[in-house]
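This report examines one protein chain for a reader who is new to structural description. Please keep the sequence and the model in view while reading.

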Amino acid sequence: MRRRMAVVWMTTGLLWAACAGTGPPVTAEQLRLAEKRLLEPFMAGVEVGCGELEIDITGNFHGNVGQPGLVPEWHQVKRQRGDGYSETLWTNVSGTLAHAFVLSIGDPGELTERGIVPGKRSSFTVMNRVRLRTYEDARLLTLDVRASGPVVVVKEAAGKPREVKEFTISDGVLITQ
């Protein structure tokens, strides 16, 4: 009897501790503002050229992240599942710049009577590999990008192209090295 009561109290305590850390429910407005904050760096119209691009997102950003085109003679695609995520890996097996991947991240645009009018976004030209990891577990909003490779070129909307070591956007903050 004592042992059963100890187990009940311990289980109750663990459940209470787990629930206490979750905080109050998030309102739709708070969610909208958090998504806007994470998307903001991508709305600047930056163009990035790189060897590899890693994208980590939660499912709510799937419509904001473009998918690269796939030509079977030049590209391979591999899909896999992990603990709490799904991942797609595109590889340019041709190895030429002419067959590089091109994708954009930002406002998906608007469908009008004249067709799709693209929204503000940043574009990425990727020479070798693109990895898109979509988290399916109950984590905070995520929209992170890391462009790397032997050469990473960044062209901001009104600027000249410049070479950097790495281009990263993490938690809504742009970092170039």
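Which residue in β7 is the bridge partner of Thr88? It is Leu132. The answer is read from a predicted model, in which local features need pLDDT of at least 70 and side-chain atom pairs count only at pLDDT 80 or more, while totals for chains, interfaces and linings use all residues. Residues are numbered from 1 along each chain as its sequence is written, and side-chain values use heavy atoms, with hydrogens and water left out.

**Overall architecture**

The secondary structure comprises two helices and 12 strands. Helices (H or I, at least four residues) and strands (E, at least two) are DSSP runs numbered from the N terminus. Along the sequence the pattern is α-α-β-β-β-β-β-β-β-β-β-β-β-β. Of the 177 residues of the protein, 28% count as buried; buried means under 20% relative accessible area, exposed means over 50%, and partly exposed lies in between, with a 1.4 Å probe and protein chains only. Contact means heavy atoms within 4.5 Å. Among contacts between residues at least 6 apart in sequence, 66% join residues at least 24 apart.

**Strand β3 and its partners**

Two strands pair if DSSP finds at least two bridges between them. Strand β2 (residues 75–82) and strand β3 (residues 85–92) are antiparallel and share eight bridges. They form a hairpin with two residues between them, and Gly84 in the turn has a positive phi of about 90°. Strand β3 also pairs with β7, again in the antiparallel sense, over seven bridges.

| Residue | Opposite residue | Strand of the opposite residue |
|---|---|---|
| Val77 | Trp90 | β3 |
| Lys78 | Leu89 | β3 |
| Phe167 | Thr176 | β12 |

Strand β3 is mostly covered, since six of its eight residues are buried. Thr88 lies in this strand, and Thr88 counts as buried because its relative accessibility is 13%. Leaving out residues up to four places away in sequence, Thr88 touches Val77, Lys78 and Arg79, and also Val130, Arg131 and Leu132. In a regular strand the side chains alternate between the two faces of the sheet.

**The hairpin of β11 and β12**

Strands β11 and β12 run antiparallel and are joined by four bridges. Their hairpin has two residues between the strands. Asp171 is placed in the loop between β11 (167–170) and β12 (173–176). Most residues other than glycine have a negative phi. Asp171 counts as partly exposed because its relative accessible area is 44%.

Leu174 is found in strand β12. Leu174 is likewise partly exposed, with a relative accessible area of 40%. Leaving aside neighbours within four places in sequence, Leu174 is in contact with Phe167, Thr168 and Ile169. Leu174 and Glu40 are 134 residues apart in sequence, and their C-alpha atoms are 9.9 Å apart in space.

Rolling a probe the size of a water molecule over the atoms shows where empty space is left. On a 1 Å grid over the protein atoms alone, a pocket is an open set of points where a 1.4 Å probe fits, with protein on both sides within 12 Å along at least five of seven lines; lining residues have an atom within 4 Å of a point. The largest pocket has a volume of about 200 Å³, a volume being the space filled by probe spheres set on the points. Its lining consists of Val26, Gln30, Leu31, Ala34, Arg37, Leu38, Leu140, Leu141 and Asp171. By class, the lining has six nonpolar, one polar and two charged residues. Here Ala, Val, Leu, Ile, Met, Phe, Trp, Tyr, Cys and Pro count as nonpolar, Asp, Glu, Lys and Arg as charged, and the others, Gly among them, as polar.

Thr142 is found in the loop between β7 (121–135) and β8 (143–148). Is Thr142 buried or exposed? Thr142 counts as buried because its relative accessibility is 13%. A polar atom of the Thr142 side chain lies 3.1 Å from the backbone oxygen of Leu140. Apart from neighbours within four places in sequence, Thr142 is in contact with Leu38, Asp56, Ile57, Thr58 and Phe61.

Note on methods: Polar contact = N/O pair within 3.5 Å; in protein donor to acceptor, adjacent residues only side chain to side chain.
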